[in-house]
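Dear colleague,

Please find the structure below, handed over for your study.

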Amino acid sequence: MNLDEILLKAEREHALTRGEIVKLLKTRGEDLKKLYKAADRVRSKYMGDTVYLRGIIEFSNYCKQNCKYCGLRRDNHRLERYRLQPEEIVSMAEKATKLGYKTVVLQSGEDDYYDTDMVEWIIREIKNRMDTAITLCIGEREYEEYKVWREAGADRYLIRHETADPGLYHRLHPGMSLEQRIERLRWLKELGYQVGSGNLIGLPDQDEESISRDILLFKELDLHMVGLGPLVVNPDTPLKDYHNGSVEMALKTIAITRLLLPLAHIPGTTALGSLDPEGRQKALKAGANVVMPNVTRGKYRPLYELYPAKICVDEEPENCRQCIGSIITSLGRVVGTDYGHSPRIEKGE
Ligand code: 5AD
Ligand code: SF4
Ligand code: FES
């Protein structure tokens, strides 16, 4: 099949073989524009022009894991660590809702300081006091904990699988396994969360074949949300001598993901915006329909340093809210005013 035929098939059937995905991942020049346009059409047809905002509260940068690319890894002793108290987290959520956010994302490293009860308390307090959806993004925990938090009112859970190549996964994540990660994604679905995963683009030894397996895994896991971005090299990690991931490859991956998962929520991520000032805009024109601004307040923003030169660390949440609003409007799109739940959940799927 030539490129036009593959795109036609993808737009009609939302299914492709691995070989076809690899071919799309290798497109360049004029063909690339066709790929982005096809993804944009599918986004418009299934998700409309609304762009949903999710306000991220980065409440702790402690992490017990040691992922080789990440600045929060436990062996990075150069990073100043912080933890917000439960009351502070709730108060930041309240301020985010006052800025119009209808989803708060509670994000941290893997930090067991926040035990089952504490996270449950935070969820209940937010749900009692304000009108917002809650997304958790706090890593690998036990089934029972995920269950308690779901019952307390958490709506969604994000946990990227990072790479679908088990060997590469193992090399980059000491003491962790891809199998365990995927098991958790299945638990979360079973518990009724709207589940998001995603990958990193530009990992060492990762090629188009490998990324095609990531995309097929998104499809197999039947995700409600897919968040992905390029690797941004952090000089305080073992990957310090490696190079950044490709913005273009990340955009292609977003576009193909949109073609195959037409109803997924897909963000234009901060990593994309950090490597390319137009990164998030380009993503929104290539299949993405979500943006996740940082709503953390005070001195903590620069300390959640997964990678250097992260955008918005010197801004106030108010500025980001305004900035992102103008970006969305300038693209002829509309800021979402409802929760922006997965359309599949709303249909009772
Ligand atoms: N560059 C880009 N993304 C990173 N993440 C962690 N470190 C980096 C980095 N150096 C991503 C991982 C993780 C998410 C919270 O941040 O994919 O899942
Ligand atoms: Fe911790 Fe997540 Fe960073 Fe890994 S990617 S070190 S789990 S914060
Ligand atoms: Fe933070 Fe633009 S979104 S300054």
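**Findings**

The chain has an average pLDDT of 97, and 99% of its residues score at least 70. Please bear in mind that this is a predicted model. For the complex, the predictor gives an ipTM of 0.98 and a pTM of 0.98. Among the elements of the chain, strand 4 has the highest mean pLDDT, at 99, whereas helix 14, residues 343-346, has the lowest, at 82.

I turn now to the sheets. In general, the strands of a sheet pair through backbone hydrogen bonds, and the pairing is either parallel or antiparallel. One open sheet consists of six strands in the order 2-3-4-5-6-8, and the pairing is parallel. Its edges are strand 2 (55-60) and strand 8 (225-226); each has a single partner strand, so one side of each is left without a neighbour in the sheet. Within this order, strand 4 (residues 133-137) and strand 5 (residues 156-158) run parallel and are joined by two bridges. There, T135 stands opposite R156 of strand 5.

Another open sheet is formed by four strands, with the order 10-11-1-12 and parallel pairing. Here strand 10 (267-268) and strand 12 (334-335) stand at the edges, and because each has a single partner strand, one side of each is left without a neighbour in the sheet. Strand 10 runs parallel to strand 11 (residues 290-291), and two bridges join them. In this pair, G268 stands opposite V291 of strand 11.

Next come two helices. At what angle do helix 9 and helix 10 pack? Helix 9 (residues 208-221) and helix 10 (residues 247-260) pack at about 35 degrees, and their axes are 10 Å apart. The crossing of helix 9 past helix 10 is right-handed. On the side of helix 9, the contact involves I211, I215, F218 and K219, which meet T253, I256, T257 and L260 of helix 10. By class, the residues of this contact comprise five nonpolar, two polar and one charged.

Finally, there are the surroundings of the ligands. Which residues surround ligand 1? They are Y69, C70, R160, E162, L200, G229, L231, V232, N234, A271, L306 and Y307. This shell around ligand 1 has eight nonpolar residues, together with two polar and two charged ones. Around ligand 2 are C63, Q65, C67, C70, L72, R73, G109, E110 and G139. The shell of ligand 2 divides into four nonpolar, three polar and two charged residues.

Yours sincerely,
A colleague

Terms used: Residues numbered from 1 in each chain as written. Chains lettered and ligands numbered in written order. Predicted model: local features only at pLDDT ≥ 70, side-chain atom pairs only at ≥ 80, totals over all residues. Near = placed C-beta within 6 Å. Nonpolar A, V, L, I, M, F, W, Y, C, P; charged D, E, K, R; others polar. Axes fitted to C-alpha atoms, helices over the stretch in contact; angles between N-to-C directions. Left-handed = near helix turned anticlockwise from the far one by under 90°. Contact = placed C-beta atoms within 7 Å. Pairing = 2+ DSSP bridges. pLDDT = per-residue confidence, 0-100.
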